[in-house]
Amino acid sequence: MDRKICAATSPPSTSLDLESQLVDQAIDNVLSLPQVVSEVALMQKAHNDEIEKQRDLLQQTKDKLDRERQHLQDLTQELASVGRRKCLTEDEVAQKTSSCEKLLKETDDLVFRNQPLMKEVEYQRESVTKQKSMYKDYVNKMQKHKSVVEKLESSYSINCRLQEQHTKVQGLEEQKKQAQVKSTRSRAHSTRCP
C-alpha cells in the first residue's frame, strides 16, 4: 500500500514501479468498463427522449404556424387600423429617442466621473503586483540567509559534537529497546515452560 502511495505522488524510479503503475491503471480501466456501458445506455435513452421531444416540438411548431397564418389573414383585414397605430408608434419612437439621448448623456457623465476610480483601481493593482514581487524577493533572500546560517552552525565543532552525542543517544535507546524486548520474551518463555 505504501508503494502505491509513493508511486502516485512521485515519478517512478525503477521499471518495476512503472510496471506497477501501468498494471494499476489497467485494473482501474477494466473496473470502470461496466460504468461506461451504463453511461452509454443512459445517453442513448436520453437521446431517444430528446428525439421524441423534438418531434413534439415540431408538431407544436406546425400547429403554431397554422395559427399564425390565420392571424396574418386577420391582420391583413385590419389594415385600415394600422395607419393609426403607425402614427402612435412614431410618436412613441420620438419619445423613446429623446429618452435614449438623455440616458446616453447620463451614461457619459457617469463614465467621466468614474475615470478617477478606474485610475485608482489600476494604481492599486500595480501596487499589489509590486508588493508581491518584493515579498517574493524577501522570501528568497531569507531562504538564502537561512541556508548560510545553517551551514555556518553545522560547521561549529560544538554542533558537530552535539550531533555525535545525539547519534550515540539514539543508538543507546535502540539497544535499550532491544534489551527490553529480549527480557520480555525470555519472561514470557519462562512462564510458559515450567
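Is Arg 55 buried or exposed? Arg 55 is exposed, with a relative accessible area of 54%. For the wording here, buried means under 20% relative accessible area, exposed means over 50%, and partly exposed is in between, with a 1.4 Å probe and protein chains only.

Okay, a quick word on what we're looking at. This is a predicted model, where local features need pLDDT of at least 70 and side-chain atom pairs count only at pLDDT 80 or more, while totals for chains, interfaces and linings use all residues. Residues are numbered from 1 along each chain as its sequence is written, and side-chain values use heavy atoms, with hydrogens and water left out.

Let's start with the overall picture. The protein has 4 helices and 0 strands, and along the sequence that reads α-α-α-α. Helices here are DSSP runs of H or I with at least four residues, strands are runs of E with at least two, and both are numbered from the N terminus. Of the 194 residues in the protein, 2% are buried.

Now, salt bridges. We call it one when a side-chain nitrogen of Lys or Arg sits within 4 Å of a carboxyl oxygen of Asp or Glu. The whole structure has 3 of them.

Two involve residues of helix 2, so let's go there. Helix 2 covers residues 15-77. Asp 49 and Lys 45 pair up through their side chains at 3.2 Å, N to O. They are about one helical turn from each other because they sit 4 residues apart in helix 2. Asp 49 is partly exposed, at 35% relative accessible area.

Glu 52 has a relative accessible area of 41%, so it counts as partly exposed.

Leu 33, Val 36, Val 37 and Val 40 make a nonpolar surface patch of about 350 Å². Patch residues have over 30% relative accessible area and no salt bridge; like charges are joined within 9 Å, and nonpolar side chains (Val, Leu, Ile, Met, Phe, Trp, Tyr) within 5 Å. Val 36 lies in helix 2, and it counts as partly exposed because its relative accessibility is 41%.

On to helix 3, residues 79-155. Here Glu 122 and Arg 125 form a salt bridge through their side chains, at 3.8 Å, N to O. They are 3 residues apart in this helix, so about one helical turn separates them. Glu 122 is partly exposed at 38%, whereas Arg 125 counts as exposed at 54%.

The side chain of Thr 129 reaches the backbone oxygen of Arg 125 at 2.9 Å. Thr 129 is also found in helix 3, and at 52% relative accessibility it counts as exposed.

Last stop, the cysteines. How many disulfides does the count come to? It comes to 0, where a disulfide is a pair of cysteine sulfur atoms within 2.5 Å. Cys 87 is partly exposed, at 46% relative accessible area, and Cys 100 is partly exposed as well, at 44%.

Conventions. Areas by Shrake-Rupley, 256 points an atom, 1.4 Å probe, with all protein chains shown as cover. Polar contact = N/O pair within 3.5 Å; in protein donor to acceptor, adjacent residues only side chain to side chain.
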